[in-house]
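Please read the following note beside the sequence and the model.

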Amino acid sequence: MAKALLFDLDGTLVDTAPDLAAALHRLQAELGQPLTPFEQLRPLVSQGARGMLRGGFGLSPDAPDYAPLAQRFLAHYAQALCVHSVLFPGMEPLLRTLESRGIPWGIVTNKVERLARPLIDALGLTARAACIVGGDTAPRAKPHPDPLLHACAQAGLQPAHCLYVGDDIRDIQAGRAAGMGTVAAAYGYLGCDEPLAHWNADHTIHHPSELLALIDSDNHKT
């Protein structure tokens with residue numbers, strides 16, 4: 001029975017791609033490199049710095065230059081992390097409806113807390129969220145279930161009563177491992193190599209408003 005919703009952040013709750021791409025572009029300009037087109041970067045946003053540096057420089061985390069470039073990229077991003085980032089269309093009405101119905105919602109992201117919390121605060125969501133869990137809050141990040149279980153403990157929720165919504169296969173893997181219902185956000189970045197049809201999500205949505213119908217349907221069955 002769905003009594004609460006938990007959201008991934010980048011690519012699910014908030015469209016952060018413009019600010020992350022801008023940070024990469026500033027780094028590329030600083031190094032005299034050509035700017036990677038935004039369209040190529042957008043699908044990689046859910047992978048964070050790892051995805052951005054792969055898309056912009058062709059680097060993987062085991063490359064010698066990766067760690068210093070990642071630090072410089074994150075420094076650029078931290079200085080302007082909520083300039084163009086906005087809730088996805090339809091998300092604000094959904095959140096208001098959840099709140100009016102007394103249905104708690106929270107955020108579980110792999111973005112580290114020092115970057116996630118200022119962004120969430122700038123969007124005016126901090127006081128509204130029942131829980132906020134970053135990629136370094138729990139011992140292990142997604143796809144492990146630890147962050148989702150931590151979120152439930154923080155908000156006083158039962159995992160079986162939660163739906164977890166995300167735009168990456170790691171979100172679905174984490175949700176299933178935590179014993180939650182899972183929802184794939186097809187409107188998000190979908191940057192992993194595994195096709196959406198192979199994620200084994202319980203549901204797939206193409207717009208945030210579809211979540212209300214899912215909740216109503218799930219509760220009607222019970």
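1. Arg-176 is partly exposed at 45% relative accessibility, a class that lies between buried (under 20% relative accessible area) and exposed (over 50%), with a 1.4 Å probe and protein chains only. Asp-202, at 41%, is also partly exposed. These two residues form a salt bridge whose closest N and O atoms are 3.9 Å apart; the term denotes a side-chain nitrogen of Lys or Arg within 4 Å of a carboxyl oxygen of Asp or Glu. Asp-202 lies in the loop between β7 and β8, and Arg-176 in helix α8 (residues 169-177), 26 residues apart. Helices (H or I, at least four residues) and strands (E, at least two) are DSSP runs, numbered from the N terminus.

2. The model is predicted: local features need pLDDT of at least 70, side-chain atom pairs count only at pLDDT 80 or more, and totals for chains, interfaces and linings use all residues. Residues are numbered from 1 along each chain as its sequence is written, and side-chain values use heavy atoms, without hydrogens and water.

3. The count of salt bridges comes to 12. One of them joins Asp-8 and Lys-142, with closest N and O atoms 3.0 Å apart. Asp-8 lies in the loop between β1 and β2 and Lys-142 in the loop between β5 and α7, so the pair ties together parts 134 residues apart in sequence. Asp-8 is buried at 6%, and Lys-142 is buried at 5%.

4. Asn-200, which is not a glycine, has a positive phi of about 65 degrees. Asn-200 is exposed, at 53%.
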